[in-house]
Amino acid sequence: AREGMESYWKFGTNFVEYIQPKKGGIVGRIKKYVTSDLGKKLKEYSQDTDAAPGHNDFLFRDFEAKAINDASAKILVKKYFPKKNIPEGEAGEHRAFRYGIEQHFVKKYGKGKEAGDVLKLVLGDTPPGDMISTYGAKRYDALERQAKKFIEEYLQDIDNGYFHVNGDPS
């Protein structure tokens, strides 16, 4: 693995966990659920040390081995995805994927407390340790299973044409 990478990133069969600063200067471990295939690819990328000078500490890099950062990701989202109707205060194009997942989740499960807790896990809004201390390990495990199930359903819905491209059913 790249030097120091394992202290920031942890790769599991169907999740990626990383350290991210949150509101108020708090730093927490964030867990994002991914497919098994994506998890394997990310683990492979974490082993790749062939980066452009100064870019080796970045997990995500382009074909020139340079870091993909917020600015370059925003350009890609604008180029390849149609304009989203993102409400004021939702942080714009670079949050389009997050907003899409939120919309789909609320449409499918509503806005209740339990649905909100599962969505927090899916989006990584609350570090797992905070949720375990709030709900206890047994309840957290149940929420985590629901979060994984939602990601699987979300991907199935995409595969089944639930979403539209450029306003037309695909």
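This is a predicted model: local features need pLDDT of at least 70, side-chain atom pairs count only at pLDDT 80 or more; totals for chains, interfaces and linings use all residues.
Rings of Phe, Tyr and Trp (its six-membered ring) are taken to pair if their centres lie within 6.5 Å, with planes under 30 degrees apart counted as stacked, over 60 as edge-to-face and the rest as tilted. Residues are numbered from 1 along each chain as its sequence is written, and side-chain values use heavy atoms, with hydrogens and water left out.

The structure holds 4 aromatic pairs. In one of them, the ring centres of Tyr-109 and Phe-150 are 6.0 Å apart and the planes stand at 70°, so the pair is edge-to-face. Because Tyr-109 lies in helix H4 (residues 96-109) and Phe-150 in helix H7 (residues 137-159), this pair ties together parts that are 41 residues apart in sequence; helices here are DSSP runs (H or I, at least four residues), numbered from the N terminus. Phe-150 is buried, with a relative accessible area of 1%, whereas Tyr-109 is partly exposed at 37% (buried means under 20% relative accessible area, exposed over 50%, and partly exposed in between, with a 1.4 Å probe and protein chains only). Ring pairs link Tyr-109 and Phe-150 with Phe-105 and Tyr-154 into a cluster.

Helix H7 also packs against helix H6 (residues 128-135), the two axes coming within 7 Å and crossing at roughly 125°, where axes are lines fitted to C-alpha atoms over the stretch in contact and angles run from 0 to 180 degrees between N-to-C directions. H6 and H7 are therefore oblique to each other, given that angles under 35 degrees count as roughly parallel, over 145 as roughly antiparallel, 65 to 115 as roughly perpendicular and the rest as oblique. The contact (heavy atoms within 4.5 Å) is made by Pro-128, Met-131, Ile-132 and Tyr-135 of H6 and by Ala-137, Arg-139, Tyr-140 and Leu-143 of H7.

Asp-117, found in helix H5 (residues 113-123), is buried, with a relative accessible area of 4%. When residues up to four places away in sequence are not counted, Asp-117 touches Met-131, Tyr-135 and Leu-143, residues that also take part in the contact of H6 with H7.

Most residues other than glycine have a negative phi. Ala-65, by contrast, has a positive phi, near 65°; Ala-65 is found in the loop between helix H2 (36-47) and helix H3 (70-80) and is buried, with a relative accessible area of 16%.

How values were computed
Helices (H or I, at least four residues) and strands (E, at least two) are DSSP runs, numbered from the N terminus.
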